[in-house]
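Dear colleague,

Please find below the sequence and the structure that I am handing over to you. My notes on what was found follow directly after them.

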Amino acid sequence: MGANRAYGLHTLVYVIIKKSTYQMIVSIIGRPNVGKSTLFNRIAGERISIVSNVSGTTRDRISTNTSWNDKNFILIDTGGIDKNSSEDFQNSITDQALNAIKDSDKLIFMVDGREGINPLDEEVLRLVRKNNKKAVIAINKLDLPVDEFNALDFSAINEFDSVKISAYHNRGIVDLLEKVLGKEFKNVPKNSEEIKLSIVGHPNVGKSSLFNLLTESNRSIVSNIPGTTRDSIDYSVKYDDKNIKFIDTAGLRRRGKIEQGIEKYSSIRTIKSVENADVCALVLSAEEMITAQDLHISGFIKDLMRPCIILMNKFDLVTNDQKNEIIEQIEEKFDHIPNIPILLTSALNKLNIEKIIPKAIEVYENSIKRISQKELNSCFIDAISRKQPSSKGKKTPEIFSISQYKTSPPGFKFESTNYDLIHFSYKRYLENQIRNNFDFSGCPISLRFVKAKRR
Ligand code: GDP
Ligand code: GDP
């Protein structure tokens with residue numbers, strides 16, 4: 001089937017392939033206990049406090065989208081080395097850490113300046129060399145200036161620049177970032193006409209099949225234009241006047257199960273893909289319904305506040321009678337992304353494929369929507385008159401105003417007295433009021449409460 005048919009007659013669809021617009025990926029590597037997580041938290045700052053509250057998933061953040069001196073980059077903590085492993089190092093380094101090394105543009109190779117080089121450091125070094133990666137050595141735990149003089153000798157790894165730091169005491173971090181991000185790296189400016197769509201989901205749900213259908217056309221060319229990272233090719237489809245760019249398509253281009261191993265590190269891939277997306281399409285399979293992995297991925301999407309649609313694929317394997325039940329289940333399990341649009345698709349029978357791109361655009365547009373102050377005021381007055389925040393002791397929070405202070409995702413600011421006393425359930429009430437009045441389906445919104453100026 002040609003893509004033109006998939007989209008109906010009113011649109012011309014074509015596929016173009018171009019080099020990635022893409023953020024640099026920096027991974028912190030090193031043996032256990034050298035201070036990787038400490039450095040990660042130091043660089044990532046406040047963004048790191050994001051913790052998933054999706055039931056059934058607990059995890060540490062291992063990746064963040066951060067910036068320094070106007071340079072955006074993705075930072076990955078490869079803490080995935082099992083500190084308690086009794087096996088040798090080769091076995092204890094997880095696939096995730098190994099693949100973070102492979103996927104990175106630059107590495108921060110951490111060593112302990114007080115302990116000097118040991119066989120595990122040498123093993124990490126071997127991996128860096130083997131993968132032909134650029135690295136900067138961060139000689140850590142040099143907390144005082146005097147420690148720098150006493151730092152042990154790392155001249156055995158003199159092919160890389162080194163910086164003496166204390167992750168814990170915030171020493172040398174600026175020098176380190178300067179060396180890591182360098183002058184050669186420039187962010188590619190965002191093309192506002194372009195919507196970056198990432199298709200995510202666990203293995204075997206039909207991501208590649210859907211992707212192939214969505215990009216299928218006589219003009220699609222499969223060629224390997226080297227991008228900034230391995231296999232980096234971007235496919236774009238034009239829909240009306242919008243360019244939808246499919247990002248992180250390396251795993252999607254494969255057919256079948258040729259690259260089994262690749263799935264083992266899909267979580268870093270998935271995070272990276274979600275971080276870079278303007279909108280995510282989370283693919284589930286009607287064969288398995290909703291798995292813990294699906295909730296895990298939706299947790300990333302929520303934490304990173306990305307707009308999202310759900311594609312329940314392989315719908316050909318169930319009967320139409322099950323439709324309502326399936327939708328109910330999805331709404332219940334994914335209630336952390338309110339009003340999430342759901343499409344029941346079948347890549348096999350080409351069911352609802354033509355609805356995917358329009359739905360993704362709709363959700364994206366929700367995320368960049370600005371509500372007029374007049375409409376907001378009227379929604380606010382209505383909400384406040386129906387229900388007020390409850391008091392605590394003698395103190396009663398009083399909310400005076402609402403304003404939309406940002407988009408992507410939309411953020412609303414409330415000016416209030418005693419705002420720290422406003423209960424979570426009341427915040428949820430306000431969010432629901434906003435959602436009932438304006439269409440933000442599939443799109444996270446954030447609420448901020450600030451101290452009211454004197455009235
Ligand atoms: P990782 O296993 O490489 O992620 O290491 P962690 O970040 O968990 O740190 C291991 C230990 O080293 C922790 O007790 C940290 O508090 C400590 N540590 C990390 N950075 C520094 C530093 O700059 N100076 C000192 N003195 N201790 C540090
Ligand atoms: P991915 O791992 O998520 O990229 O999944 P694939 O696209 O490789 O599909 C995994 C398997 O599911 C393949 O055997 C596909 O032929 C099959 N598949 C994909 N979509 C559908 C569908 O809508 N219905 C059915 N019955 N099978 C599908």
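This is a predicted model: local features need pLDDT of at least 70, side-chain atom pairs count only at pLDDT 80 or more; totals for chains, interfaces and linings use all residues.

**Findings**

Asn-204 is partly exposed, because 14 other C-beta atoms lie within 10 Å of its own; a residue is called buried with 20 or more such atoms within 10 Å, exposed with 12 or fewer, and partly exposed in between, the C-beta atoms being placed from the backbone. This residue lies in the loop between β8 and α8 (207-215), where helices (H or I, at least four residues) and strands (E, at least two) are DSSP runs numbered from the N terminus.

Residues are numbered from 1 along each chain as its sequence is written, and chains are lettered from A and ligands numbered from 1 in the order in which they are written.

**Overall picture and confidence**

The chain has 455 residues, of which 37% count as buried. Its secondary structure comes to 15 helices and 16 strands. Among contacts between residues at least 6 apart in sequence, 76% join residues at least 24 apart; a contact requires C-beta atoms, placed from the backbone, within 7 Å of each other.

The mean pLDDT (the predictor's confidence in each residue, from 0 to 100) is 77 for the chain, and 75% of the residues reach 70 or more. Confidence is lowest in strand β1 (residues 15-18), with a mean of 34, and highest in strand β12 (residues 308-313), with 97. Over residues 80-92 the pLDDT is below 50, and this stretch has 17 contacts in the model beyond near neighbours in sequence. Residues 46-61 stay under 50 as well, and the model gives them 21 contacts beyond four places in sequence.

How many of the six residues of β12 are buried? Six of the six are, so the strand is largely enclosed by the rest of the structure. In a regular strand the side chains alternate between the two faces of the sheet. Both faces of β12 are covered, with Cys-308, Ile-310 and Met-312 buried on one side and Ile-309, Leu-311 and Asn-313 buried on the other.

β12 pairs in the parallel sense with strand β11 (residues 279-285) over six bridges; strands pair if DSSP finds at least two bridges between them. In this pairing Ala-281 stands opposite Ile-309. The chain passes from β11 through helix α11 (residues 292-303) to β12 in a right-handed β-α-β crossover, a term that applies if, with the strands pointing away from the viewer, the path from the first strand over the helix to the second runs clockwise.

Strand β13 (residues 342-344) also runs parallel to β12, joined by three bridges, and Leu-343 in β13 stands opposite Leu-311. A right-handed β-α-β unit is made by β12, helix α12 (residues 323-333) and β13.

**The two ligands**

Ligand 1 is surrounded by 16 residues, the closest being Gly-35, Lys-36, Ser-37, Thr-38 and Tyr-168; a residue is near a molecule if its C-beta atom, placed from the backbone, lies within 6 Å of it. Helix α2 (residues 36-44) provides the largest share of this shell, three residues. By class, the shell has four nonpolar, nine polar and three charged residues. Here Ala, Val, Leu, Ile, Met, Phe, Trp, Tyr, Cys and Pro count as nonpolar, Asp, Glu, Lys and Arg as charged, and the others, Gly among them, as polar.

Around ligand 2 there are 15 residues, of which Gly-206, Lys-207, Ser-208, Ser-209 and Ala-347 come nearest. α8 gives the most to this shell, with three residues. The shell around ligand 2 divides into five nonpolar, seven polar and three charged residues.

**Single residues**

Ser-198 is in strand β8 (residues 194-200) and counts as buried, because it has 27 C-beta neighbours inside 10 Å. Beyond four places in sequence, its contacts include Ile-247, Ser-273 and Cys-280. The C-alpha atoms of Ser-198 and Val-274 are separated by 6.6 Å, although the two residues are 76 apart along the chain.

Most residues other than glycine have a negative phi, and most peptide bonds are trans. Asn-132 has a positive phi of about 55° and lies in the loop between α5 (119-130) and β6 (134-140). The peptide bond from Ser-408 to Pro-409 is cis, with omega near -5°.

With kind regards

How values were computed
Two residues are in contact if their C-beta atoms, placed from the backbone, lie within 7 Å.
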